[in-house]
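User: Please take a close look at the aromatic side chains here. Start from there and connect the rest in one answer.

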Amino acid sequence: MAIIGLSPMDGVTDAAFRYIVDKYGHPDIMFTEFTSVEGLAHGATALLTPLIHHQSSTPLIAQVFGYTPDDFYKAAFIAAEMGFSGIDINMGCPDRHITTRGGGAGLIRNPTLAKKIIEWTKRGVADWESGRKIEAIDLPESIRQYINSYNANNSAAFRTHLTVSVKTRIGYSHPDTKDWIQNLLETRPDMISLHGRTFKQLYAGQADWDEIALAAELCKSAGVILLGNGDVKSRSEGLEKVNKYGVHGVLIGRASMGNPWVFTGETPSPETKLRVALEQCEAFERLTPGAHFLSLRKHLAWYCNGFRNAAQARVEFLKTSSIHDVRLVAEKYLNSID
Ligand SMILES: Cc1cc2nc3c(=O)[nH]c(=O)nc-3n(C[C@H](O)[C@H](O)[C@H](O)COP(=O)(O)O)c2cc1C
C-alpha cells in the first residue's frame with residue numbers, strides 16, 4: 001500500500017502540528033523537525049524540544065543532522081529511548097551553517113562520511129536493541145536526566161525495532177542520482193526519502209520526478225523503501241506519482257501548511273479551519289509549554305484562506321501573542337461566517 005507521509009520541516013513540523021496532522025490527516029508516517037547530533041552530544045537539552053511528541057500509533061521518525069558518526073550513534077539511543085519508530089539522517093538540508101561543516105546536503109559531496117554515518121547510526125540502533133543501556137553511552141547527564149523525566153511523564157512506546165533512514169536530494173550541483181543512491185544503498189538503510197531537486201536548486205524550479213523514478217528502481221532492486229518528495233499538492237497527486245514513478249510513497253511538505261487535510265483529500269469548512277487552528281495552539285501549550293508562542297503565528301495565518309474576511313483574519317492572527325488573543329480572534333471570525 002502506498003505511503004503518504006508528512007515531510008520534516010524545521011520550524012513547522014513541531015509537536016503540536018504533528019498532533020494536528022495525525023488527528024485530522026492520518027498520514028502513514030511523520031517526521032520531526034531536525035535536530036543536531038553534535039548539539040545533543042554536548043548536552044544542549046533545548047535541542048530535544050523538536051523530539052517531543054504525542055502518543056500515537058502512527059510511525060514517527062526523529063530526524064537528525066550532523067557530521068560526527070559517533071554522535072549519530074548516541075542520537076540513535078536518544079531516539080530509541082524516546083519511543084520513536086525510526087531515526088532519519090538529514091543529507092539534504094541546504095542551510096550554509098550546516099553544509100559548511102559537512103552536514104545536511106554537504107554529505108552528498110562526502111559519500112564516504114555519509115556511509116560511515118549510516119553505519120554508526122545502525123550500530124547504535126542494533127546495540128540498543130540488543131540491550132545496551134543509555135547509561136553505558138557517553139552522554140551528558142543533562143540529556144539523560146531530560147529523557148528520564150520525559151519518559152516518566154510520557155510512557156514511551158515499547159518498540160522492538162527502529163528503522164534507520166536517509167532524507168536527501170538528487171545531487172549537489174547537478175543530478176547525480178544513480179551514483180549517490182547506489183552509494184547510500186551499500187549501507188542498506190531501511191528507507192530513503194528523495195527530494196527531486198539538487199542542493200544548488202534549493203527550492204527553485206520543479207522537482208525532477210524522472211530522477212526520483214530512477215532512484216525508485218535502484219531501491220526496489222535493493223529491497224529498500226523509496227519515498228519521493230517535491231511539489232506534491234494533494235493526496236490524489238501523491239497516489240498518481242506512486243503509480244507513475246514506481247515509488248513506495250511520497251512525502252508532503254509545504255502543501256500541509258495550515259492544511260492537515262491534504263493527507264485525506266477533504267475540504268474543510270471555514271469553521272473547521274478556525275477551530276483546528278485554535279486546537280493547534282492548545283496542543284502547542286500542552287505539549288511544549290516552554291516554547292515560544294510566536295512560532296504559532298505563521299501556522300494561524302496559513303489556516304486563513306477560503307472564507308470571507310480571511311485576509312483580515314490573517315492580519316489579526318499575526319498580531320496575537322497568547323492563546324487568549326487567538327481565542328478572541330477565532331471567536332470573532334467564527335461568529336462572522338455565514
Ligand atoms: C520551512 C521548511 C523547513 C524544512 N526543514 C526540513 C528539515 O528540517 N529536514 C528535511 O529533511 N527537510 C526539510 N525541508 C524540506 C522538506 O521536507 C521537503 O523536502 C521540501 O519542502 C520539498 O517538499 P514539498 O514540495 O512537499 O514541500 C524543509 C522545507 C521547508 C519549506
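Analyst: Helices and strands here are DSSP runs, numbered from the N terminus; a helix (H or I) needs at least four residues and a strand (E) at least two. In those terms, alanine 44 sits in the loop between helix H2 (37-41) and strand S3 (60-65). Keep in mind that this is a predicted model.

Now the rings. Searching the whole structure gives eight aromatic pairs. One of them joins tyrosine 172 and phenylalanine 199: the centres are 4.3 Å apart and the planes meet at 15°, so this pair is stacked. The cut-off for stacking is under 30 degrees. The two partners come from distant parts of the chain, 27 residues apart. Tyrosine 172 belongs to the loop between strand S5 (163-171) and helix H7 (177-185). Phenylalanine 199 belongs to the loop between strand S6 (191-198) and helix H8 (209-222). Both tyrosine 172 and phenylalanine 199 are buried.

A second pair has another geometry. Tryptophan 209 and tyrosine 245 have ring centres 5.6 Å apart and planes at 45°, so the pair counts as tilted. Tryptophan 209 is part of helix H8, while tyrosine 245 is part of helix H9 (residues 235-245), so the contact ties together parts that lie 36 residues apart in sequence. Tryptophan 209 is buried because its relative accessible area is 5%, under the 20% limit. Tyrosine 245 has a value of 17% and is therefore buried too.

Lysine 241 lies over the face of the tryptophan 209 ring, at 5.2 Å from the ring centre. The limit for such a contact is within 6 Å. There is a further case at tryptophan 120: arginine 123 lies over its face, at 4.7 Å from the ring centre. Elsewhere, Tyr24, Trp261 and Tyr303 form one aromatic cluster.

Next, the ligand. It is surrounded by 16 residues, and the closest are Pro8, Asp10, Gln63, Asn229 and Asp231. Serine 7 places a side-chain N or O atom 2.8 Å from a ligand oxygen. Arginine 254 also reaches a ligand oxygen, with a polar side-chain atom at 2.8 Å. On its own the ligand has 610 Å² of accessible area, and the protein covers 87% of that.

Cysteines next. A disulfide needs two cysteine sulfur atoms within 2.5 Å. By that rule the count is zero disulfides. Cysteine 304 shows the reason: the closest cysteine sulfur, in cysteine 281, is 11 Å away from its own, so the gap is too far for a bond. Cysteine 304 is buried, because its relative accessibility is 1%. Cysteine 219 has 0% relative accessibility and is therefore buried as well. For cysteine 93, the contact to note involves the backbone. Its backbone nitrogen lies 2.8 Å from a polar side-chain atom of asparagine 90. Asparagine 90 is in strand S4 (residues 86-91). At 7% relative accessibility, asparagine 90 counts as buried.

Now the backbone angles. Most residues other than glycine have a negative phi. Two residues here go the other way. Histidine 26 has a positive phi, near 45°. Its place is the loop between helix H1 (15-25) and strand S2 (29-36). Histidine 26 is exposed, because its relative accessibility is 52% and the exposed class begins over 50%. Arginine 188 is not a glycine either, yet its phi is positive, at about 50°. Arginine 188 lies in the loop between H7 and S6. Its relative accessible area is 48%, so arginine 188 is partly exposed.

Back to alanine 44. Its relative accessible area is 30%, so alanine 44 is partly exposed.

To return to your request: two of the ring pairs were described in detail. Tyrosine 172 with phenylalanine 199 is the stacked one. Tryptophan 209 with tyrosine 245 is the tilted one, and tryptophan 209 also has lysine 241 over its face.

Definitions and conventions: Residues are numbered from 1 along each chain as its sequence is written. This is a predicted model: local features need pLDDT of at least 70, side-chain atom pairs count only at pLDDT 80 or more; totals for chains, interfaces and linings use all residues. Side-chain values use heavy atoms; hydrogens and water are left out. Buried means under 20% relative accessible area, exposed over 50%, partly exposed in between (1.4 Å probe, protein chains only). Rings of Phe, Tyr and Trp (its six-membered ring) pair if their centres lie within 6.5 Å; planes under 30 degrees apart count as stacked, over 60 as edge-to-face and the rest as tilted. A charge sits over a ring if NZ of Lys or CZ of Arg is within 6 Å of the ring centre and within 35 degrees of the ring normal. A residue is near a molecule or strand if one of its heavy atoms lies within 4 Å of it. A polar contact is a pair of N or O atoms within 3.5 Å; within protein, one must be able to donate a hydrogen and the other to accept it, and residues adjacent in sequence count only if both atoms are side-chain atoms. Accessible areas come from the Shrake-Rupley method with a 1.4 Å probe; for residues, only the protein chains shown count as cover.
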